[in-house]
Structure formats: structure tokens, C-alpha cells
Amino acid sequence: MREFILKANKAITSGDINLKDLPGSCGRLDLVCRCVSSAFFLSHDLRRDTIFYSIHCGDPNPPVTLKFVGSELKRVSPDERSIALFIKKALEPEHLEIWRESTPGIYHAKKDLREIVLEKVKERRKIYLLHREGVPFENVIGPENYNHIKYKRGFVFILGDHYGLTKEDEKFLEEINVEKISISPLELHANHCIDIVHNILDKLEHFNNIV
Ligand SMILES: C[S@@+](CC[C@H](N)C(=O)[O-])C[C@H]1O[C@@H](n2cnc3c(N)ncnc32)[C@H](O)[C@@H]1O
């Protein structure tokens, strides 16, 4: 299982979405849509072993978290407009502390980054923060040290948006010993990080005969 958690600092928290202005009035919802596309879409197929969370912290009602479950998704297609329409549906209802499904495989709840990460700690996942200044990815998860048993319960990768994570977020992650790992010396877009992480894990799993 692969899970990605995106902190979307300005992403809109109501269904009042103008599909013609995802970057502006919707608080970089274009970026969230591209991350959903990278998390799930293969050529003519879906990654069913992936879960993606987007934590929306923009106006008017932050925080709201959306959860996309690859094994349950139906009718979503890879383009930003289609994904934005499903996000709109998920943001329209009232958000409670518990997950509620809006369309197949897409859930919404009134939860913040800390709550989502603590859920993953409880589920005993291996959690990493993707960060340019972290330890090189291959030193932590690479051909030399890939350990199927260790990673059996799945990976969780936390990412920031164009603003990155806040100092408080990073402090919290440090306190619970979430390791920072880097996939490049360059600062990349969040959706490209998801593509790269999938690619590294696809190859590691393939050559370890795990798939
Ligand atoms: C556009 S970057 C964020 C830029 C933001 N100005 C900052 O300083 O954090 C979006 C996210 O992608 C991830 N990221 C970007 N470059 C990375 C790299 N080289 N290695 C690992 N993760 C990276 C980080 O999680 C980052 O928060």
C-alpha cells in the first residue's frame, strides 16, 4: 500500500468552485488535482494500491480533508477538470469528524494533518516527509536495503504544496520521528514527487518480485 498526504495550505474548503479558476479563487486546486492524477492514473488503468489525502486549509471552513481510495474509485478520469468536479462534490456537504463518502472512493471529513498522520501511526505505517533537504531516498528505501517485511504495512509520504509545510507541521513530524527523505537536490513540484516515488517503488517491488 502506498499513501500520500498533501498539505494544501490555501485549497478551498467549500463546494463554491469555479472550474475556470482552479489556481486563483480555489487556492491552487489545480495543484491538488494534478497530485490526484499522479497518485492514481496509469495508462488505461488505476493504481488500486494507493490512497491519497489532500488536507485543505484555505477559506472558508478549514481544515477539510479529502481521502481518495484507489481500489474504490469509479468514473474519475485523469484530467484536472474531471478531478475538480469530484472534489467539488466532496466539498459541498457538511464535514463531520468521521469519514463520509461523497462519490465512490472519495471521502471527506473535518480533520487536519496531525489527525491524519496520527491515524497512520496507529496503523503502524512507515511514514516519511518528502523534503529536498532530507536524507537521499535510496539511502533509506533502495535496492540495498529494501526490506519487504519492514515495509509490509505500507508507506506513507507527506508532501507540501507551493508553500511547503509550516514550521509547526515540521516540528510535530520531528517530534514523532518522521524521517525527512529527498528525491532530488532540486525543488520539485509535489505532483512530480509523487510520479518519482511511484516509479522508484514500482522498480523496487518489481525487481524484488513483490508484484
Ligand atoms: C513545490 S515544493 C514546496 C516548495 C516550498 N516553497 C517549500 O519551501 O517547501 C512541494 C513539495 O514537494 C516536495 N519536494 C519538492 N522537492 C523535493 C525533493 N527534492 N525531494 C523530496 N521532496 C520534495 C516537498 O514535500 C515540498 O513541500
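Here are some questions and answers about the fold, the helix packing, the ligand site and the backbone of this predicted model.

Q: Which strands stand at the edges of the open sheet, each with a single partner strand?
A: Let's start with the strand order, which is S6-S7-S5-S4-S1-S9-S8-S10 in an open sheet of eight strands with mixed pairing. A strand at an edge has a single partner strand, so one side of it is left without a neighbour in the sheet. The two strands in that position are S6 (100-103) and S10 (179-182).

Q: Which residue in S9 stands opposite lysine 126?
A: Strand S8 covers residues 126-136 and strand S9 covers residues 155-160. The two run parallel and are joined by four bridges. Opposite lysine 126, the residue in S9 is phenylalanine 155.

Q: Which strands does helix H6 touch as it packs on the sheet?
A: Helix H6 spans residues 190-207, and its direction makes about 170° with that of S1. Helix H1 (residues 29-40) also packs on the sheet, touching S1, S4 and S5. For H6, the strands touched are S1, S4, S8 and S9.

Q: Are H1 and H2 roughly parallel or roughly perpendicular to each other?
A: A friendly reminder: two packed helices are described by the angle between their axes and the distance between the axes. Here H1 and helix H2 (residues 80-91) pack at about 105°, with their axes 9 Å apart. Angles of 65 to 115 degrees count as roughly perpendicular. H1 and H2 are therefore roughly perpendicular.

Q: How many nonpolar residues are in the contact of H1 with H2?
A: H1 contributes Leu29, Asp30, Val32, Cys33, Arg34, Val36 and Ser37, while H2 contributes Glu80, Ile83, Ala84 and Ile87. By class, one residue is polar and three are charged. The number of nonpolar residues is seven.

Q: Are H1 and H6 roughly parallel or roughly antiparallel to each other?
A: The axes of H1 and H6 come within 8 Å and cross at roughly 5°. In this contact Arg34, Cys35, Ser38 and Ala39 of H1 meet Ala190, Asn191, Ile194, Asp195 and His198 of H6. Since angles under 35 degrees count as roughly parallel, H1 and H6 are therefore roughly parallel.

Q: From which residue does a backbone N or O atom lie 2.9 Å from a nitrogen atom of the ligand?
A: There are 18 residues around the ligand, and Leu130, Ile183, Ser184, Leu186 and Leu188 come nearest. A polar backbone atom of isoleucine 183 is 3.1 Å from a ligand nitrogen atom, and one of histidine 162 is 3.2 Å from a ligand nitrogen atom. At 2.9 Å, the residue is leucine 188.

Q: What is omega for the cis peptide bond that joins proline 62 and proline 63?
A: The loop between S4 and S5 holds proline 63, and proline 60 lies in that loop too. A cis bond joins aspartate 59 and proline 60, with omega of about 5°. For the cis bond joining proline 62 and proline 63, omega is about -10°.

Q: What is the positive phi of arginine 75?
A: Most residues other than glycine have a negative phi. Arginine 75 sits in the loop between S5 and H2. Although arginine 75 is not a glycine, its phi is positive, at about 70°.

Technical notes:
Residues are numbered from 1 along each chain as its sequence is written. This is a predicted model: local features need pLDDT of at least 70, side-chain atom pairs count only at pLDDT 80 or more; totals for chains, interfaces and linings use all residues. Side-chain values use heavy atoms; hydrogens and water are left out. Two strands pair if DSSP finds at least two bridges between them. Contact means heavy atoms within 4.5 Å. Axes are lines fitted to C-alpha atoms, for helices over the stretch in contact, and angles run from 0 to 180 degrees between N-to-C directions. Angles under 35 degrees count as roughly parallel, over 145 as roughly antiparallel, 65 to 115 as roughly perpendicular and the rest as oblique. Ala, Val, Leu, Ile, Met, Phe, Trp, Tyr, Cys and Pro count as nonpolar, Asp, Glu, Lys and Arg as charged, and the others, Gly among them, as polar. A residue is near a molecule or strand if one of its heavy atoms lies within 4 Å of it. A polar contact is a pair of N or O atoms within 3.5 Å; within protein, one must be able to donate a hydrogen and the other to accept it, and residues adjacent in sequence count only if both atoms are side-chain atoms.
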